[in-house]
Amino acid sequence: MDQFIADCNDSAESYLLPLYIIVSLGCYGLLMVGVGLMQFPTCPHEAVLLQQDVVEAKQFLKHNGVDVGSD
């Protein structure tokens with residue numbers, strides 16, 4: 001009888017192993033995304049270019065009669 005109980009416990013744990021692996025991989029993935037976001041490099045040159053593009057787009061739209069709101 002004790003052997004039967006031991007076999008049941010082993011099989012129940014073996015069914016949970018894939019779940020533990022999936023949860024562990026999910027936690028690892030979230031950790032890596034979090035680390036990547038914390039270390040995300042800033043691009044000041046690209047920010048300046050983006051602001052210039054926004055100004056050019058507003059001027060283009062104003063020239064074509066589109067109200068772009070306040071500056």
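## Helices first

A helix's expected span is 1.5 Å times one less than its number of residues. Helices here are DSSP runs of H or I with at least four residues, and strands are E runs of at least two, numbered from the N terminus. This is a predicted model, where local features need pLDDT of at least 70 and side-chain atom pairs 80 or more, while totals for chains, interfaces and linings use all residues. Residues are numbered from 1 along each chain as its sequence is written, and side-chain values use heavy atoms, leaving out hydrogens and water.

So what's in the chain? You'll find two helices and zero strands. Helix α2 runs over residues 44-63, and its 20 residues should span 28 Å at 1.5 Å a residue; the end C-alpha atoms sit 29 Å apart, which agrees. Just past α2, G65 has a positive phi of about 85°.

## The annotated stretch

An unreviewed UniProt entry marks residues 19-40 as "transmembrane region"; such annotations may be inferred rather than shown by experiment. In the model, that span is 91% helix and 0% strand, with its end C-alpha atoms 31 Å apart.

## What's on the surface

Buried residues (under 20% relative accessible area, 1.4 Å probe, protein chains only) make up 0% of the chain's 71 residues. L19, in helix α1 (residues 2-38), counts as partly exposed because its relative accessibility is 47%, between the buried cut-off and the over 50% needed for exposed.
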